[in-house]
Amino acid sequence: MKDVILSVENLSVRFRLRGFFLRKPRWIRPVAGVSFEVSEGKTLGLVGESGCGKTTLAMAILRLEKAERGCILFRGVDLLALSSEDMKRLRRHMGVVFQDPFSSLNPRMMVKDILSEPFVIHGQGRGREVWAKSESLLQMVGLSRDHLFRYPHEFSGGQRQRIAIARALALHPSFVVLDEPTAALDVSVQAQILNLIKDLQEQLHLSYLFISHDLSVIKYISHQVAVMYLGKLLEKAPTAEFFRNPCHPYSRALLSAVPVPSLKNRREPPVLAGRVPSLREPPFGCRFHPRCPERISRCGQEEPEMMEVATGHRVACFQVRR
């Protein structure tokens, strides 16, 4: 489709478990057969609890983690089929903002060097030309020229994240991964960063993969929502449709757990039995079924496939509520 910038099909990532007592190779798959699309100029919000594979999925898309199998099409180009050199040339069209602004910036480099590094690596300028571009980047994210000559420890968390965003946009990418960019920030600063991210998307026509476990942030920033659990996508829908009519039991449990200011609108969250299973031995069939209050015998015997229940709304569940 012309309006799709990124298409991920049946993507899986596996890691080998290592240990002194492991005589035979053992593997875990934090991402197992994930498929989705990101539209041009839109934001896909990827939500799920910690450890479900969100960040691993994003790093595999950027080829910072090795995929076991699958297909990643960026503007029609299969990223997994590219050589290292070809991938380096294409990577300038992608950006990434990491979760922790305190560890994602090199403490030994001034801001001017942090921002100029992408230009130097990709051969996009030298000397004063790069400094001028770096100054323009800082102004774009709400900082000034004076900040070029400071070190990361001299900034607040929100300012550091602005610098990280500026670095991600240095080479004018069309697609940016935002891995929980506001999770380590105060609430008031979160709002400023989210507004900045939205403004930059409108100005530069950017496409985002926005990772978070905060549904209120996802609702504000995203055009579509994808719910991930134990390495699998369980539901994907337009944002308004998802919050109005969540179809998967896990999605409903997540939404019911969101605090609401009024007791009148309060919903009792369904009780989820047990704990999140280990990726070492994921459940057979639907991965959510051991904790699902609506499970049937079929859920533990076969894996549900994604089915469309409304326009753009797909769910992997045998107990779909239409």
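Which residues are buried in α9? In this helix, the buried residues are Pro-249, Tyr-250, Ser-251, Arg-252, Ala-253, Leu-255 and Ser-256, where buried means under 20% relative accessible area, against over 50% for exposed and partly exposed in between (1.4 Å probe, protein chains only). The model is predicted, so that local features need pLDDT of at least 70 and side-chain atom pairs count only at pLDDT 80 or more, while totals for chains, interfaces and linings use all residues. Residues are numbered from 1 along each chain as its sequence is written, and side-chain values use heavy atoms, with hydrogens and water left out.

**Helix α9 and its cover**

Select residues 249-256, which form helix α9; seven of its eight residues are buried. Helices (H or I, at least four residues) and strands (E, at least two) are DSSP runs, numbered from the N terminus. Next, display α7 (215-221), β9 (224-229), β10 (232-238) and α8 (239-244), which are included in what covers the buried residues of α9.

**The cores**

Select Phe-242, which touches Leu-215, Val-225, Val-227, Glu-235, Ala-237, Ser-251 and Leu-255, leaving aside residues up to four places away in sequence; contact means heavy atoms within 4.5 Å. Phe-242 is also among the residues with the most contacts inside the largest nonpolar core, together with Ile-163, Ile-165, Ile-197, Leu-200 and Phe-210. This core has 54 residues. A nonpolar core is a set of buried Ala, Val, Leu, Ile, Met, Phe, Trp, Tyr and Cys residues joined through side-chain atoms within 4.5 Å. A second, separate core of 34 residues includes Ile-5, Ile-61, Ile-72 and Leu-82.

**Helices α5 and α6**

Move to α5 (residues 157-168) and α6 (residues 187-204), whose axes lie 10 Å apart at an angle of about 20 degrees. Axes are lines fitted to C-alpha atoms, for helices over the stretch in contact, and angles run from 0 to 180 degrees between N-to-C directions. The angle therefore makes α5 roughly parallel to α6, a label for angles under 35 degrees, with over 145 counted as roughly antiparallel, 65 to 115 as roughly perpendicular and the rest as oblique. To see the contact, show Gly-158, Gln-161, Arg-162 and Ile-165 of α5 with Val-189, Gln-192, Ile-193, Leu-196, Ile-197 and Leu-200 of α6.

**The four-stranded sheet**

Select the open sheet β2-β1-β4-β5, in which the pairing is antiparallel; two strands pair if DSSP finds at least two bridges between them. Strands β2 and β5 (77-78) stand at the edges with a single partner strand each, so one side of each has no neighbour in the sheet. Helix α1 (residues 54-61) packs on this sheet and touches β1, β2 and β4, its direction making about 115 degrees with that of β1. Nine bridges join β1 (residues 4-17) to β2 (residues 26-39), with Ser-39 as the bridge partner of Val-4. Five bridges join β1 to β4 (residues 69-74), where Glu-9 stands opposite Cys-71 and Ser-12 has Arg-69 as its bridge partner.

**The eight-stranded sheet**

Finish with the open sheet β6-β7-β8-β3-β9-β10-β12-β11, whose pairing is mixed. Its edge strands, β6 (94-97) and β11 (307-310), each pair on one side only. Three bridges link β11 to β12 (residues 313-315) in the antiparallel sense; there, Ala-310 stands opposite His-313.
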